[in-house]
Amino acid sequence: MDKFTYVAMPTRVVFGAGAVAQLAAEVQRLGAKRALLISTPGRAHMVRAIARGLQVAGIFDQAVMHTPIKAVEAARDMASSVEADCCIAIGGGSTIGFGKAIALSSSLPVVVVPTTYSGSEMTTIWGISEGGAKKTGRDPKVLPKAVIYDPQLTLDLPAGVSAASGMNAIAHCCEALYAHDGNPLVSLIAEEGIRALAAALPIIAQAPRDLEARTSALYGSWLAGLSISTTGNALHHKLCHVLGGFGLPHAETHSIVLPHAMAYNAAAAPEAMRRIARALGIKAGTETAPTGLWQLEQRLGLPMKLADIGMKEADLERAARIAVQAPYPNPRKVEYEGVLELLHNAYEGRKP
Ligand code: NAD
């Protein structure tokens, strides 16, 4: 076995249908008495219902995608004006991003109730958009102190959002399997994450209120978040970050790029591909990890072409140039021609 370093992140996890009933107890464990709740405008009613029985100092219900600095400043101002002693973020990666942004400047403890499969709640990664670019970093201060996974809260997550978000989570697992700083424990977690999500997502696409499938998908997304909490991202995440700068939606971009990024890396990461294929339930000699992911996405009814989610063909070369500047460590050397070909394939939605 190769040498490795393993670091565990100290987040407390409470999981299960109805687990959100323990939110007040989790806040109490932190000794907090003045919680600031965070949500998007669309989820505000759900958050208010969950907050009954909590000691709430204020509600910031203006969370939006990509944590723009102006909105972050408004949230930070509110946290200090109501003298909050903890933040509770209830929602997807966008909402969680606001909790992290407040923690980054204040060290306030954050409790998260995730309602998508982004996995953000398990990581120390923060992101804030300013002047058309998203700055990201890692800081232990932003890691949630407690995470409550309650699949009942995900029953109304629309099928399309669930599928794209679930593929975002599978992408975390795939890159963790060949991360330059990976380790055997993370690989076990990542493979199990793919297995749980790949089994649950097709059921959710047909029956979004199936609690068993929702439970399995949320379990998979926890594992996905865990798998990137201590490993570095590679070409796939780099490309999606670059494409986000062109205004493309986060989860759908991950979903479309994933099979093509895996095809780019396949020959350089055979063990990761074998494990991805096994987790997808692919029989030997039929499909490969990249084609299996592509077929899963087709089955989920996801958009398959960057062209269909707002990418302009004329921008592909610029995106490839940005992606090869300061690349993340990657199993296969990151080179302009290959990356441009990958982007063309993703733009046109070809089978990898
Ligand atoms: P999102 O948070 O924007 O949510 C997607 C949509 O789902 C929104 O319209 C939201 O209102 C809706 N929604 C959420 N929960 C719902 C529910 N229970 N019922 C009905 N609708 C619901 O999307 P996302 O994909 O979760 O997060 C994307 C953001 O997260 C991006 O900004 C990305 O950069 C960030 N992210 C960060 C990390 C990290 O480690 N820091 C990891 C992954 C993603």
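Are Arg209 and Asp156 buried or exposed? Both Arg209 and Asp156 come out as exposed. Bear in mind that this is a predicted model.

## A bridge across the chain

Arg209 and Asp156 pair up through their side chains in a salt bridge, at 2.5 Å from N to O. The two sit 53 residues apart and tie together distant parts of the chain. Arg209 lies in the loop between α6 (184–206) and α7 (211–229), while Asp156 belongs to the loop between β8 (146–149) and α5 (159–177).

## Other salt bridges

In total, the structure has 11 salt bridges. One of them joins Asp315 and Arg318, at 3.7 Å from N to O. Asp315 is buried, at 18% relative accessible area, whereas Arg318 is partly exposed at 41%.

Lys333 and Glu335 form another salt bridge, this time at 3.9 Å from N to O. Here Lys333 is exposed, with 62% relative accessibility, and Glu335 is partly exposed at 42%. There's also a network: Glu191, Arg275 and Arg278 are joined by salt bridges that share partners.

## How α8 meets α9

Helix α8 (residues 235–244) packs against helix α9 (residues 250–265) at about 140°, and the axes are 9 Å apart. That angle makes α8 oblique to α9. The crossing of the two helices is right-handed.

On the α8 side, the contact uses Leu235, His236, His237, Leu239, Cys240 and Leu243. Helix α9 brings in a set of residues including Val257, Leu258, Ala261 and Met262. Sort the α8–α9 contact residues by type and you get nine nonpolar, five polar and no charged.

How values were computed:
Residues are numbered from 1 along each chain as its sequence is written. This is a predicted model: local features need pLDDT of at least 70, side-chain atom pairs count only at pLDDT 80 or more; totals for chains, interfaces and linings use all residues. Side-chain values use heavy atoms; hydrogens and water are left out. Axes are lines fitted to C-alpha atoms, for helices over the stretch in contact, and angles run from 0 to 180 degrees between N-to-C directions. Helices (H or I, at least four residues) and strands (E, at least two) are DSSP runs, numbered from the N terminus. Angles under 35 degrees count as roughly parallel, over 145 as roughly antiparallel, 65 to 115 as roughly perpendicular and the rest as oblique. A crossing is left-handed if the near helix is turned anticlockwise from the far one by less than a right angle, and right-handed if clockwise. Contact means heavy atoms within 4.5 Å. Ala, Val, Leu, Ile, Met, Phe, Trp, Tyr, Cys and Pro count as nonpolar, Asp, Glu, Lys and Arg as charged, and the others, Gly among them, as polar. A salt bridge is a side-chain nitrogen of Lys or Arg within 4 Å of a carboxyl oxygen of Asp or Glu. Buried means under 20% relative accessible area, exposed over 50%, partly exposed in between (1.4 Å probe, protein chains only).
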